[in-house]
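Student: Could we go through this protein together, one question at a time? I'd like to see how each answer comes out of the structure.

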Amino acid sequence: MESSPVTASAPTQTPTQPSTSTALTTVSPLNTIPQDIALHRALLFALDTPVQLTPQVWEKFWPYIDNVWCVHQKPQGPHPSGISKVYGGCRLIRKTNFPPPPIHENSRPRQRREGGTCKAKFRLTIYPDGKRQVERTGEAHSHTLEHIDSIKRNSGVRKLVLDDFFKSWEAGGILAYLRDTAHQPDGRDLLKEAGGLYLSRQEVQNIMNGALKKAYPGQDISEVKKQMDKYKTYTTCNFKGCDAPAFPDIKSLMDHRKAVHGLKSHDHSDKVYSCPDKSCWRRKKSKGFATLLGLEEHLREKHGNGVLDGDLTGNGNDDMDVDDNGESSMMGASGLLSGFDLTLDPQLQAPMAQVQQQILGDPITPASSTPGSDSQQQNVQVEQEAPRLMSESEREGMKLRVKRLEIERNKLDQEILRMHRVLYGEQDATGSEDHGAG
C-alpha cells in the first residue's frame with residue numbers, strides 16, 4: 001500500500017473527577033480495558049492503511065482483535081535482515097469442505113460455523129527493535145466487526161473472567177458485574193466496546209472449566225467439580241476443642257451440638273404478645289412483641305390506650321423465663337427485688353429493699369394519702385367500672401394488666417420466700433412464713 005502508516009500509541013491518562021466508587025474502580029477488571037479500545041479495534045479491523053505499533057501497544061490492543069485475524073503462516077527461522085513477516089487472514093476465510101463428523105446415537109448436536117465468506121488477508125512485519133506493522137493485503141471484510149464478535153470472543157474479554165477479582169465467584173455473578181455500567185465513571189459500556197457484547201453465562205462457565213483443567217492436569221474435570229459441589233454446603237462445628245467431622249447441612253450440625261455439647265436452641269415463640277387491635281399489623285403472632293412492656297408501649301404510642309388506667313410503675317422486661325431445671329425466674333428491670341445477690345449480708349439487704357420500695361412504690365395498689373383509704377378507693381373503682389360496658393381493646397388491655405399483676409405478685413412471693421430462707425434457714429422456711437404473716 002502506498003499510504004503512510006498510522007502509528008498507534010498508548011492512550012494518555014486524563015484526570016477524572018473523584019467519586020464514591022473510586023476504590024472499586026481501581027480494582028475492577030474493567031479498569032484494564034483501554035479507554036479508547038473502540039477506536040483501536042475499528043482501526044485494526046479495517047486496516048485501510050498500515051498501522052505501526054510499539055511492543056507495549058501491541059500487547060495492549062491486539063488481544064482485543066485476535067478474534068478477527070488468524071495467523072496462517074509463520075517464518076521458519078530468523079531472517080538474515082532481522083525482519084520477520086507473518087501472514088494471515090480473516091477468521092471466516094477458512095475452508096469448509098471438511099467431511100462431516102460421524103454421527104451415532106450418543107452424539108450431541110453440533111453446529112458448524114459458515115466459512116469461506118470473507119477474503120480479507122493481512123501481513124504482519126516484525127522489525128528487530130520489536131516494532132510491528134500490520135497491513136491488509138487482500139480485499140476488505142465482507143462483514144462487520146460486530147458480526148465476528150458474535151461468532152468468537154477475543155482473548156482480552158475472556159481474560160477478564162479469570163481475573164483475581166472474581167475468585168470464588170459464580171458464572172452468573174461474573175457476567176452481571178461485567179455488564180453493569182455503574183463501575184465506569186462516565187457510564188460507558190466498555191465490555192461492549194471491547195467485543196464482549198455476546199458473552200454468555202455458559203461461555204463464562206466454560207472459561208472457568210478450562211482454567212480448572214489447567215489447574216488439575218490429567219484429571220477428569222467433571223469429577224473435580226463433583227467434589228467441589230459436594231463440599232460446598234458442608235459445615236463444621238465451631239465449638240472449642242471439637243474434632244467432629246464436617247456435616248452436610250445445618251440440621252445435622254444442630255443435632256450434633258444438642259447431643260454432644262448440650263446446646264439448646266432459643267425458641268421464644270410461646271412468649272410473643274400480639275396487639276389486641278384487629279386493624280393493627282402487629283396483631284399477627286409472628287409480628288408480636290417479646291415482652292408485655294413492649295406491647296404496652298405500642299398501645300400507648302399507636303392506639304392511645306396503653307394498658308388503660310392504673311398503669312404500673314415498673315419499667316422493663318416482665319417475661320417469665322424457665323431455666324433448665326424447670327424453675328421459673330422473673331427477668332427485667334421492673335423485678336429489681338428479685339435481682340439481689342444472694343451472697344450479700346442480710347443486714348445490708350433490708351435497707352436496699354426499703355429504698356427501692358420507696359422509689360417504686362406499691363406495684364399492686366395505687367398510691368394513696370392514708371392507709372385506710374386503700375380498700376375504699378378500690379371498692380369505689382370496682383363499683384364504677386362494673387356497670388360500664390368495655391370495648392374489645394379495653395378488655396384485652398385489662399387482661400394484660402391482670403397478667404402483669406399476677407407476674408408482680410409471683411415475683412414478690414418468690415422474694416419473700418427467699419428472704420425468709422436467708423433469715424430463718426431452709427428448715428424453718430415454712431414456719432417463718434407463718435411468723436411473717438402473723
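Student: How many bridges join β5 to strand β6, and which way do the two run?

Tutor: Strand β5 covers residues 121-126, and β6 covers residues 132-136. Strands here are DSSP runs of E with at least two residues, helices are runs of H or I with at least four, and both are numbered from the N terminus. Two strands pair if DSSP finds at least two bridges between them. β5 and β6 run antiparallel, and the number of bridges joining them is five.

Student: Before we go on, what kind of model is this?

Tutor: Residues are numbered from 1 along each chain as its sequence is written, and side-chain values use heavy atoms, with hydrogens and water left out. Local features need pLDDT of at least 70, side-chain atom pairs count only at pLDDT 80 or more, totals for chains, interfaces and linings use all residues, and the model is predicted.

Student: Back to the hairpin: which residue in the turn has a positive phi?

Tutor: β5 and β6 form a hairpin with five residues between them. On the strands themselves, Ile126 stands opposite Arg132 in β6. In the turn, a positive phi of about 95 degrees belongs to Gly130.

Student: Which residue in β5 is the bridge partner of Tyr87?

Tutor: Tyr87 sits in β4, which pairs with β5 in the antiparallel sense over six bridges. For Tyr87, the partner in β5 is Arg123.

Student: And what stands opposite Tyr87 on the β3 side?

Tutor: Strand β3 (residues 69-73) runs antiparallel to β4, with four bridges joining them. The residue opposite Tyr87 is Gln73.

Student: Why is β4 described as largely enclosed?

Tutor: Buried means under 20% relative accessible area, exposed means over 50%, and partly exposed is in between (1.4 Å probe, protein chains only). β4 spans residues 84-90, and it counts as largely enclosed by the rest of the structure because, of its seven residues, the number buried is five.

Student: Which backbone oxygen does the side chain of Asn154 reach?

Tutor: Asn154 lies in the loop between α4 (145-151) and α5 (155-161), and it is buried, with a relative accessible area of 0%. A polar contact is a pair of N or O atoms within 3.5 Å; within protein, one must be able to donate a hydrogen and the other to accept it, and residues adjacent in sequence count only if both atoms are side-chain atoms. A polar atom of the Asn154 side chain lies 2.8 Å from the backbone nitrogen of Val157. At 2.9 Å, the side chain also reaches the backbone oxygen of Ala194.

Student: Which helix do the buried residues of α11 pack against?

Tutor: Leu292, Leu293, Gly294, Leu295, Glu296, His298 and Leu299 are the buried residues of α11. Just after the helix, Gly304 takes a positive phi of about 75 degrees. The partner that the buried residues pack against is α14 (392-424).

Student: Which residues does the UniProt annotation "domain: C2H2-type" cover?

Tutor: UniProt positions are given in the numbering used here, feature names are shortened, and annotations may be inferred rather than shown by experiment. This annotation comes from an unreviewed entry, and it covers residues 235-261 and 273-303.

Conventions
Contact = heavy atoms within 4.5 Å.
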